[in-house]
Amino acid sequence: MKTMAMLHTTFILLLCVELVAGGGAVFTRWGKTTCPSGNDVMYKGYAGGSHYQAKGGPGTTLCLPESPIYANHSTAGSRSYLYGTEYQLEDPSLPLRKMFQHDVPCVVCRSRCMKSAVMVPARNDCFPEWHLEYKGYLFGGSTEHTASSDYVCVDGDPETIKGDDQNKNGHLLFLVESTCGALPCPPYVNGWEMTCAVCTK
């Protein structure tokens, strides 16, 4: 008897046959080191970004490869610095609390048959005619910190970078909560942690 995973893989392969000229969608799977079925690993590595107390600098979270290549370099400060990323989940009641202070891995994936990829916030499922690659929780920088940040979708079953659970801070990711006001409630709920999904088509 086929398992659900085998059936899912078979479905993806059949879908790829129908879309022979397809493929090419690229997305980052935050919090994991493997890609979902039907995707190839471009590279895996470590999440990184600006320091959480920085008053300037880029606000983008990057997936840094495991094997960097440097060119010309100097020991003089450039005034733009990149730090590793930690899960920041202080409250014991938070989802994914076990990840607190651990460093965040990532993997960049390329679909074999899907052409487009999008991260959908506030949903853990895709809209009709879109395929779910992975689902999880929406993370971003703290609104109490000075650094700018972006939003990333961390897998709902995240991994950590092995052997590194020390409180080094640097670039920090917090669970994002919905806040009523200009954001209508309902359908949103004040103070609830927001889900997310990465979808392809």
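This is a predicted model: local features need pLDDT of at least 70, side-chain atom pairs count only at pLDDT 80 or more; totals for chains, interfaces and linings use all residues.

I number residues from 1 along each chain as its sequence is written, and side-chain values use heavy atoms, with hydrogens and water left out.

**Salt bridges.** My criterion is a side-chain nitrogen of Lys or Arg within 4 Å of a carboxyl oxygen of Asp or Glu. Searching the whole structure, I get five. For elements I use DSSP runs numbered from the N terminus: helices are H or I with at least four residues, strands are E with at least two.

I looked at E159 with K32 and got 3.6 Å, N to O. E159 sits in the loop between β8 and β9 and K32 in the loop between β1 and β2, 127 residues apart. E159 counts as partly exposed because its relative accessibility is 24%, whereas K32 is buried at 10%. K32 and E159 also belong to a salt-bridge network with D157.

Next I checked R29 and D155, whose closest N and O atoms are 3.0 Å apart. This pair ties strand β1 to strand β8 across 126 residues. Both ends come out buried, R29 at 11% and D155 at 5%.

R112 and D40 pair at 2.8 Å, N to O. R112 is in the loop between β5 and β6, D40 in strand β2, 72 residues apart. I have R112 as partly exposed at 42% and D40 as partly exposed at 37%.

**Core.** A nonpolar core here is a set of buried Ala, Val, Leu, Ile, Met, Phe, Trp, Tyr and Cys residues joined through side-chain atoms within 4.5 Å. The largest one holds 27 residues, and W30, Y87, L89, F139 and V154 have the most contacts inside it. Two or more residues each come from β1, β5, β7, β8, β9 and β10, with β5 giving the largest share, four residues.

What does V154 touch beyond its neighbours within four places in sequence? Counting contact as heavy atoms within 4.5 Å, I find W30, Y87, F139, L173 and C196 among its partners.

**H171.** This one is in strand β9 and is buried at 6%. Its side chain meets that of T85 at 2.7 Å, a polar contact (N or O atoms within 3.5 Å; within protein, one able to donate a hydrogen and the other to accept it, and residues adjacent in sequence counting only if both atoms are side-chain atoms). Leaving out residues up to four places away in sequence, H171 also touches others, including G48, T61 and Y83.

Most residues other than glycine have a negative phi, and most peptide bonds are trans. A122 has a positive phi of about 70 degrees, and E129 has one near 75 degrees. A122 is partly exposed at 25%, while E129 is exposed at 67%.

I also logged two cis bonds: C185 to P186, with omega near -10 degrees, and P186 to P187, with omega about 15 degrees.

Conventions
Buried means under 20% relative accessible area, exposed over 50%, partly exposed in between (1.4 Å probe, protein chains only).
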